[in-house]
Amino acid sequence: MRCAETIMIATICAATINSAYAFGLSSRIQHATSSAFNKRNLHSLRTSSWRSVSVSLKETMKMSTGTEETVDASSPGTVTEIDGAKKKKVKISRILSGVQPTGSLHLGNYLGAIRQWVDFQNNIVDTDEQKTENYFCVVDLHAITMPHEPSELGENTLASAALYLAAGIDPKKSKVFVQSHVPAHSELAWLLNCATPMNWLERMIQFKDKAKKQGDSVGVGLFTYPVLMAADILLYQADKVPVGEDQRQHLELARDIVRRFNAQYCKGNKFKKLCKAQGVPSRPTFTEPEAMIVKEGARVMSLSDGTSKMSKSDPNDASRINVLDPPKVIRDKIKKCKTDLFKGIEWDNPERPEATNLLNIYLVVQEGRTKEDIAEEVRDMSWGEFKPILADAIVAHLEPIQKRYNEVRADDEYLQSVLRDGADSANVIASQTLNSARVSMGFTKRF
């Protein structure tokens with residue numbers, strides 16, 4: 001199982017993503033829209049990793065409604081909407097999540113993460129006091145922390161983005177972008193690397209596990225990837241971070257980094273002078289995120305071992321159902337998957353992990369079904385009777401996603417435009433936090 005195989009920064013459940021990298025965030029941060037910038041600035045954001053667009057916190061943006069909106073620099077996480085003589089502050093909650101483009105996305109990635117993003121996206125209710133923005137990224141920078149095939153990275157990245165859209169992510173409601181297209185992620189990671197003690201990273205359990213498998217060939221990126229994860233969170237000023245229990249250590253590292261950075265660089269008169277000279281508020285650069293340990297969602301396990309998560313890095317392709325597997329391949333994998341010798345089929349028997357896993361899959365691919373009615377249906381079935389029914393349910397669930405995926409991939413111009421628009425918007429947001437970090441550390445103003 002790859003470290004950093006999945007990122008999840010979301011206010012929804014950081015559910016079963018088959019990876020060692022899942023985390024969530026709910027942010028209340030400064031808000032600006034990409035429409036506030038001219039094409040020259042947007043082009044600069046997309047093409048240069050060493051320059052940033054200076055974002056004026058007082059710049060007004062005309063909205064289609066005729067109202068005006070300004071960023072409130074004195075109150076992070078708010079915007080001020082001006083309608084005539086009335087002024088009101090609006091809190092912005094921003095959701096950002098992502099999955100690594102390593103190999104084909106499987107059923108665990110889809111059910112444990114992407115489908116939940118879609119549900120959250122479609123159930124958001126904005127009010128006059130609170131608004132939510134969704135950003136979903138393909139985290140290609142994390143994909144290279146383990147040995148990878150360069151000739152496949154680009155295709156895997158586009159395939160992952162297309163699957164987001166095929167699964168129901170709507171560009172009209174959410175932004176989709178590629179992580180490496182937002183230079184602030186990698187630059188902030190470097191700044192935080194320089195502020196993070198090495199012994200903090202040496203305590204990371206997942207690095208130890210993966211390093212044993214790679215031996216002397218283990219890369220520095222694998223060692224420092226938790227810092228990149230912290231940068232991903234902190235760029236969007238997380239205040240609440242829902243995480244699975246297995247990711248608690250990574251979140252605690254992010255919290256430690258915030259406290260250390262703010263204590264080292266964001267106090268005293270010298271810090272205030274630096275901020276005044278560059279026209280930024282003299283408040284701590286980062287918000288310290290708090291953990292919200294959440295229950296696992298659709299926990300999808302390996303078809304060859306009901307006690308291990310379904311994983312893209314498992315060399316045995318028969319251990320997983322890939323979202324793009326043809327129907328015949330799905331049926332063959334289910335037919336050959338590991339089961340047991342017990343009579344009947346039942347849920348939650350600790351001696352029957354494979355039975356629980358297959359029943360869980362059967363449940364989540366059928367909307368409206370309950371554990372009770374499924375248990376009644378399969379109670380007296382043999383595995384030979386149940387497996388074809390399970391395979392048919394999976395095929396039926398994935399068929400419309402596969403059809404939409406093929407449509408998206410056939411229209412490359414559309415896919416590229418979606419990713420470009422998402423990167424433009426994300427760049428505007430991330431560059432503000434990065435600029436504050438640079439000012440705090442004493443870097444000169446960019447031109």
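This is a predicted model: local features need pLDDT of at least 70, side-chain atom pairs count only at pLDDT 80 or more; totals for chains, interfaces and linings use all residues.
**Stop 1: Gln402**

Check its surroundings. Gln402 counts as buried because its relative accessibility is 15%, and the cut-off for buried is under 20%. Now show Val323, Leu324 and Asp325. Gln402 touches these three, leaving aside residues up to four places away in sequence. Zoom in on Val323. Its backbone oxygen lies 2.8 Å from the side chain of Gln402.

**Stop 2: helix H10**

Next, select residues 268-278, which form helix H10. Colour Phe271, Cys275 and Gln278: these are the buried residues of the helix. Look down the axis of H10. The buried residues fall within an arc of 75°, so they line one face of the helix. An α-helix has 3.6 residues a turn, so residues three or four places apart point the same way.

What do the buried residues of H10 pack against? Show helix H9 (248-265) and helix H15 (412-441): both are packing partners of those residues.

Turn to the other side of H10. Asn269, Lys270, Lys273, Lys276 and Ala277 are exposed there. Then step past the end of the helix. Gly279 follows H10 and has a positive phi, near 70°.

**Stop 3: Asp348**

Finally, select Asp348. You are in the loop between helix H11 (327-336) and helix H12 (353-364). Is Asp348 buried or exposed? Asp348 counts as exposed, because its relative accessibility is 52% and the cut-off for exposed is over 50%. Check its backbone too. Most residues other than glycine have a negative phi. Asp348 is not a glycine, yet its phi is positive, at about 60°.

Terms used: Residues are numbered from 1 along each chain as its sequence is written. Side-chain values use heavy atoms; hydrogens and water are left out. Buried means under 20% relative accessible area, exposed over 50%, partly exposed in between (1.4 Å probe, protein chains only). Helices (H or I, at least four residues) and strands (E, at least two) are DSSP runs, numbered from the N terminus. The arc is that of the directions from the helix axis to the C-beta atoms. Contact means heavy atoms within 4.5 Å. A polar contact is a pair of N or O atoms within 3.5 Å; within protein, one must be able to donate a hydrogen and the other to accept it, and residues adjacent in sequence count only if both atoms are side-chain atoms.
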